[in-house]
Structure formats: C-alpha cells, structure tokens
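User: Can you walk me through this one? I'd like to start with the sheet.

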Amino acid sequence: SSDNLSLLQTRRNVETIIREKGTINQDDLIEQGIRFPMVVKVKYNDQEFSSIPNLTIYEENKTNYLKLDYLGEPKVFRAAVSNTEFIGPGQISYQLTFAKNIEDGFYNRRVTFVTTAIASFLGMLLSIAVGSYMSHESFKPISNMRKAVDSISADNLSNRILVPTTGDELTDLGNTFNSLLDRMETAYNRQSKFVSDASHEL
C-alpha cells in the first residue's frame, strides 16, 4: 500500500543519514523533511528522540496508535507502524520506529466511497428520468394515432389521422390506417347510396 511504501522510503532515508554521518539527531530528521503525518522515533545508546515532541506510539487491541500534540492539543490517530533495528557505524544498534497517521487515508477513502455512491445514485436517477422521458416521447405519436382512430365513427369517416413525418415505420403505419379509412369510407358511401337508391325504387 502507499502507507507501507512511505514507511519504507522514510526508513531508507534515515538509514542513509546514519550510514553517512555515523549518527543521527532530531535536526537531521527535520532537515530530511520528515513531517506529520509521518513520524520517526530513534533509540540508541542512552539517547531517545523523535521527529516531533511528546510522541507516543503504542498498540491497543491489535491496532497501532500515535499520541502527540497536534495544533496545541493532545490527539490520538490510528497509524501504520514499522519497527526495525539498524546497525550503524561502530556497531551501534539503532532502534528505529516509523509510523504514519492513516486517519486521513481512511477519511479520504470514505469520502471517495460516499461521493462515488452518491454520483452513481444520481446517475441512476438521471438515467431513469431520461429513459422515461424518451420512452414517453417515443410512444407519443402512437398514442396520438390511437386517439385519432378511436375518435372516428360513421359520422366522421372523412377524418384522417395525422401521419408522423418521421419517415419510419410509424409513417407507414399512419398511411396504412388512412388507406384503410379511405376504403371504409368508399364502401360505406357505396352502401349508403345503394340503400338510398333501393328505398327510392321501392
């Protein structure tokens, strides 16, 4: 993970300082650019110091924590921790502890997850709304044609449905309906004329 890579890189930097200088102190850590959320604790001989003052690194319920003064107040953060022993010049044993606050990482991942979930939900709602609108618009010509056919009776056989100008199957369907109405009107008129002529002869 990125946290482990950061710990490894910081470890290499600290070991390089010890190897080149033959020792290390708090100023070396600061000059190396080690800043919170990364912290380092060093023990060797009778000396002990860390990259920031009042630093405590401990484990509780299988979880590592940092306790330190943050912005003037004591704070506790979950941390990724790495402990190692480095043998420096003169066979001096350096007990090195590297830790990184992972609260920000968890927070960023939570924010990313929530943002992604919200975006996905909004995208789904938008897709449903657009799909519903497009579906309604797609079936609107068919609905209009159906209403027009329903309104035609023997009293208004001369009416015709409005044919969509889309040039697709709906246009063909509209023309077919109108052709059918033409034949029905012609047949109805012929029948009416025949009945009228028959009545007149009788």
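This is a predicted model: local features need pLDDT of at least 70, side-chain atom pairs count only at pLDDT 80 or more; totals for chains, interfaces and linings use all residues.

User: What's the strand order in the sheet, and how do the strands pair?
Analyst: The order is β2-β1-β6-β5-β4-β3, six strands in an open sheet with antiparallel pairing. Strands here are DSSP runs of E with at least two residues, helices are runs of H or I with at least four, and both are numbered from the N terminus. Two strands pair if DSSP finds at least two bridges between them.

User: Which strands stand at the edges?
Analyst: β2 (47-50) and β3 (56-60) do; each has a single partner strand, so one side of each is left without a neighbour in the sheet. On average, neighbouring strands are turned by 30° against each other, direction ignored.

User: OK, back to α1. Is Thr-10 buried or exposed?
Analyst: Thr-10, which lies in helix α1, is buried, at a relative accessible area of 10%. Buried is under 20%, exposed is over 50%, and partly exposed is in between (1.4 Å probe, protein chains only).

User: What does Thr-10 touch?
Analyst: Leaving out residues up to four places away in sequence, Thr-10 touches Ile-34, Met-38, Val-40 and Phe-98.

User: How many residues of β1 are buried?
Analyst: Six of the seven, so β1 is largely enclosed by the rest of the structure. Val-42 stands opposite Phe-49 in β2 and opposite Leu-96 in β6.

User: What about the other pairings, β3 with β4 and β4 with β5?
Analyst: β3 and β4 (residues 63-70) pair over five antiparallel bridges, and Thr-56 has Lys-67 in β4 as its bridge partner. β4 and β5 pair over six bridges, also antiparallel, with Leu-66 opposite Phe-77 in β5.

User: Which residues take a positive phi in the hairpins?
Analyst: Asn-45 does, near 50°, in the hairpin of β1 and β2, which has two residues between the strands. The hairpin of β3 and β4 also has two residues there, and Asn-61 takes a positive phi near 55°. In the β4 and β5 hairpin, with two residues between the strands, Leu-71 takes a positive phi near 55°.

User: Switching topic: which residues make the nonpolar surface patch?
Analyst: Phe-113, Val-114, Ile-118, Phe-121, Leu-122, Met-124, Leu-125 and Ile-128, making about 810 Å². Patch residues have over 30% relative accessible area and no salt bridge; like charges are joined within 9 Å, and nonpolar side chains (Val, Leu, Ile, Met, Phe, Trp, Tyr) within 5 Å. A salt bridge is a Lys or Arg side-chain nitrogen within 4 Å of an Asp or Glu carboxyl oxygen. Accessible areas come from the Shrake-Rupley method with a 1.4 Å probe; for residues, only the protein chains shown count as cover.

User: And where is Ile-128 found?
Analyst: In helix α3 (residues 103-150); Ile-128 is exposed, with a relative accessible area of 53%.

Note on methods: Residues are numbered from 1 along each chain as its sequence is written. Side-chain values use heavy atoms; hydrogens and water are left out. Axes are lines fitted to C-alpha atoms, for helices over the stretch in contact, and angles run from 0 to 180 degrees between N-to-C directions. Contact means heavy atoms within 4.5 Å.
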